Amino acid sequence: MAKKIKILQIAPRFPFPADDGGKVGIANIFLQYAKNTDKTTLLFLSGKEFSEDELSNYKKIASIIKLSFEPKYTPIKFLKSTFSNEPIYVAKHINNRLIHTILELIEEIEFDVVHIDHTYLAPIGIAIREHTKKPFGIRIHNIESNIWKRYAQNYSKYHPLKYYLTRQYKLLKKKEMEFIERADINFAITQKELEEIQQFKPNTKVIVASAGVNPDEWIIDDTIERNATEAVLATTYKWIHNIDAVGWLVMDVMPYVKAAVSDAVLSLIGKSPPEWIRNYSNHGINVIGYVPKIQPYLNRAGLYVAPLFVGAGIRIKILEAMAMGLPVVATSISAEGINASELDGLFIADDEKKFAELMIYLMKNPEFSKKSGQNARKFVIKNFSWEANVKLMIDEFEKLINQEFTPIVK
């Protein structure tokens, strides 16, 4: 049996509490590494939005290092980006001072391989490899340039932002693919993104290691009666595209639903929702806000909804809702990477009337909805496991360090 390895995981932020999809992914990878490697060190860059108590708790299971670096968009960065060939999204997160600081820090860290969360942090992995001759891999949580492309597509042909966003998308796509090509191993989150990478860089080493759930964390309480006419959505309001999607759901979809199901309720979970949403409380909108655990709210609802029109990667919140036995109504972009059908409890609609019709049908047919939820749980438990996917990653890292590793020079 191969000797257990030592992993240095570099992430953009501290992932606990794991209360949004991005943090859930980083958190579960970290926990599986801590459980299944000889040593795991998590180095995270952002000093915001975490508690020292949380940090102390997780230091009991692995080494954790905080580096206070706050990436920001500034007017000067935007101005420079209009003339530069460096995409602003990379320039926001990476600079020479940050890399120099990290190279000094790692002198005190024992590791065999570097795990990089998110492609835009790849320059850190490249610099560490050049400095230490140790391999690095990228966890591609999504292809970020695809988000910029979809964002640009939302603007009319002559809108000033159309040109800017399109140019940034192209620059970022080129840079992302260069980073991916230079990594020793890449872990894509979906088959679709793997195929896209291979289309641009056919000789790149990339495998699919998807997202998942931990079944023991998502247990259905059958003693609680579900409210068939309650739909629930858990999201983060930090991202403008999530806010836009919630606005579409509240203002364009729910009027159709309320007209057909008078007691229909849409419960919205998430920290710091915009105040305007509360103006719709008389229209069946129940703003719950932040909760430490979403399981009780999923357990009492009849269905989960997941609208999104700009995004990439995979929606972990959908997997968690399905694991809790909820049928899910989602837009095509929101459901990307989850190869489930209506037989598996995943229903797709991209216009407001069709989306509303699916919600109405599930609300009016609770037995069908319940059966769909049961199928959803079976599908997710069978196909999406953090334990299995992180094991794939560890296995690939072991292959790298157990051979005579020669750094890629590109």
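A pocket, as the word is used in these legends, is an open set of grid points with protein on both sides within 12 Å along at least five of seven lines. All views below come from a predicted model.

**View A. The second largest pocket and its lining.** Here we look into a space of about 800 Å³, the volume of the second largest pocket. Its lining is made up of 39 residues, and those nearest the centre are Pro 17, Ala 18, Asp 19, Asp 20 and Pro 292. Helices α1 (21-36), α2 (52-58) and α12 each supply at least two lining residues, with α1 giving the most, five. By type, the lining of this pocket divides into 18 nonpolar, 10 polar and 11 charged residues.

**View B. The largest cavity.** Next comes a space of about 40 Å³, and the count of cavities of 30 Å³ or more comes to one. Around the largest cavity you will find His 118, Thr 119, Tyr 120, Asn 142, Glu 144 and Glu 176. One of these lining residues is nonpolar, three are polar and two are charged.

View C. Helix α14 runs over residues 366-383 and reaches 25 Å from its first C-alpha to its last, close to the expected 26 Å. Ser 369, Ser 372, Gly 373, Ala 376, Phe 379 and Val 380 are buried in α14. These residues lie on the same side of the helix because they cover an arc of only 125° around its axis. Their packing partners are β11 (301-306), α12 (316-323), β13 (346-348) and α13 (352-364). On the face turned away from the buried side, look for the exposed residues Glu 367, Lys 370, Lys 378 and Lys 382.

Notes:
Residues numbered from 1 in each chain as written. Predicted model: local features only at pLDDT ≥ 70, side-chain atom pairs only at ≥ 80, totals over all residues. Heavy atoms only, no water. 1 Å grid on protein atoms, 1.4 Å probe; cavity = no way out; pocket = protein on both sides within 12 Å on 5 of 7 lines; lining within 4 Å. Points joined across faces, edges and corners; volume = space filled by probe spheres on them. Nonpolar A, V, L, I, M, F, W, Y, C, P; charged D, E, K, R; others polar. Helix = DSSP H or I, 4+ residues; strand = E, 2+ residues; numbered from the N terminus. Expected span 1.5 Å × (residues − 1). Buried < 20%, exposed > 50% of the residue type's maximum accessible area, 1.4 Å probe, protein only. Arc of directions from axis to C-beta. Contact = heavy atoms within 4.5 Å.
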